[in-house]
Amino acid sequence: MSDPIERALEAASDGVDVDWMALEDQARDGGALDTLRALKELTAIAQAHGSRSEHRHVPFTWGPLEVREHIAHGVHGEVYRPQTRVSIATSR
Amino acid sequence: MVRWASGRLPAYARDLAETQDLVQDSLVRAFKKIEGIEIRGEGALQAYLRQVLLNAIRMELRRVRRRPAPGPMPQDLEVGDATPLDQAIGRQTLERYERALETLRPEERELVIAHVEFGFSHQEIAQAFGKPTPNAARMALQRALLRVAEAMKRHEP
C-alpha cells in the first residue's frame, strides 16, 4: 500500500506507528496534505484517550493475589495475571 | 465513562462535582428515558450515553462558571477552563473534531466514537455494530475515519 492517505488510515484504524512527516512529503496536493493532517489529529485524539488508561503498575496485591503482569485491556476493563496463574479481570 | 468524562472536565469542575457522581446521575437519567428512544445496537447506545454525558458536563461547566465554589482563593490559583484533553490535543482541534462528528451519518459517528474515544478493537466493533468480521469492521471504520477527517478539513479556522 503506497498511497499516503491509505497508510494514514491504517495508522488511525490499527494503531500502528507511521512517519507522519514522510507521509506529508508524499501528499500529492494541498487537499491530500490537509486530509493527512486531520488523520494525524484523529490519531492524536485516540492516543490521548488511550493514554488516560488506568493500568496499574505491577506488581501489586489484590486481595489474596499477588498480581505480576498486565496482560491486556479492553472496553470494559483490564486483565492481569496473578501469581496463582488464574487470570482475573478487574473493572475500571 | 468515568475515565472519558474526567478528560472533559477542567480541574476546578472536577473538584466541585465528583466525576463519578456526574456520570452516575447522567446514566440513571438516560436510562429512565431510554424506552422512548430508538437504539440500534451497542455502538448506538454508547454514542447516546456519550451525548447525554457531554450535555451534562456542559451544564455543569456553565453552573460552575456562574457560581464559583465558596472558600478562600489559593494564592497560586491558575484560572483556566482547560481540560486534560484540551491540554493534550488543543481546544480548537477538539472543537473541529466535535463539529465534524456532527456532520456524519449516525453509524459513521458511532464507529468513530467507539474507536477513537472508547478504544473499541475491530473485533469489538464487529460485535457492537453487527459487522460479519473484524476486517469488515475495520473497513467500515476506515471509511468513517476518512469522512470525519474530510469534515475536519472543512472546519479548519
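First, some housekeeping. This is a predicted model, where local features need pLDDT of at least 70 and side-chain atom pairs count only at pLDDT 80 or more, while totals for chains, interfaces and linings use all residues. Residues are numbered from 1 along each chain as its sequence is written, chains are lettered from A and ligands numbered from 1 in the order in which they are written, and side-chain values use heavy atoms, with hydrogens and water left out.

So what are the chains made of? Chain A has 3 helices and 4 strands, and along its sequence the order is α-α-α-β-β-β-β. Helices here are DSSP runs of H or I with at least four residues, strands are E runs of at least two, and both are numbered from the N terminus. Chain B has 9 helices and 0 strands.

Next, burial. Buried means under 20% relative accessible area, exposed means over 50%, and partly exposed lies in between, using a 1.4 Å probe and protein chains only. In chain A, 35% of the 92 residues count as buried; in chain B, buried residues make up 44% of 157.

And contacts, meaning heavy atoms within 4.5 Å? In chain A, 20% of the contacts with a separation of 6 or more come from residues 24 or more positions apart. For chain B, 65% of the contacts between residues at least 6 apart in sequence join residues at least 24 apart.

Now please find helix H6 of chain B, residues 91–102, and helix H7 of chain B, residues 106–117. Their axes come within 9 Å and cross at roughly 145°. Those axes are lines fitted to C-alpha atoms, for helices over the stretch in contact, and the angles run from 0 to 180 degrees between N-to-C directions.

Which residues meet there? From H6(B) we have Tyr97(B), Leu101(B) and Glu102(B), and they meet Arg109(B), Val112(B), Ile113(B), Val116(B) and Glu117(B) in H7(B). By class, this contact has 5 nonpolar, no polar and 3 charged residues. For that count, Ala, Val, Leu, Ile, Met, Phe, Trp, Tyr, Cys and Pro are nonpolar, Asp, Glu, Lys and Arg are charged, and the others, Gly among them, are polar.

Staying with H6(B), its buried residues include Arg96(B), Tyr97(B), Glu98(B) and Leu101(B).

A nonpolar core is a set of buried Ala, Val, Leu, Ile, Met, Phe, Trp, Tyr and Cys residues joined through side-chain atoms within 4.5 Å. The largest one has 54 residues, and those with the most contacts inside it are Leu39(A), Leu42(A), Ile57(B), Tyr97(B), Val112(B) and Leu145(B). Its largest share, 9 residues, comes from helix H9 of chain B, residues 134–154.

What does Ile57(B) touch? Setting aside neighbours within four places in sequence, Ile57(B) is in contact with Trp4(B), Ala5(B), Arg8(B), Leu9(B) and Leu22(B).

Gln46(B) sits in helix H4 of chain B, residues 42–66. Is Gln46(B) buried or exposed? Gln46(B) is buried, because its relative accessible area is 13%. Beyond neighbours within four places in sequence, Gln46(B) contacts Met1(B), Phe118(B) and Phe120(B).

Over in chain A, Val18(A) lies in the loop between helix H1 (4–14) and helix H2 (20–26). Val18(A) counts as partly exposed because its relative accessibility is 27%. With neighbours within four places left aside, Val18(A) is in contact with Arg7(A), Ala11(A) and Leu23(A).

Last stop: helix H8 of chain B, residues 122–129, where the buried residues include His122(B) and Phe129(B). Just after H8(B), Gly130(B) takes a positive phi of about 70°.

That's my tour, and I'm happy to go back to any part of it.

Notes. Contact means heavy atoms within 4.5 Å.
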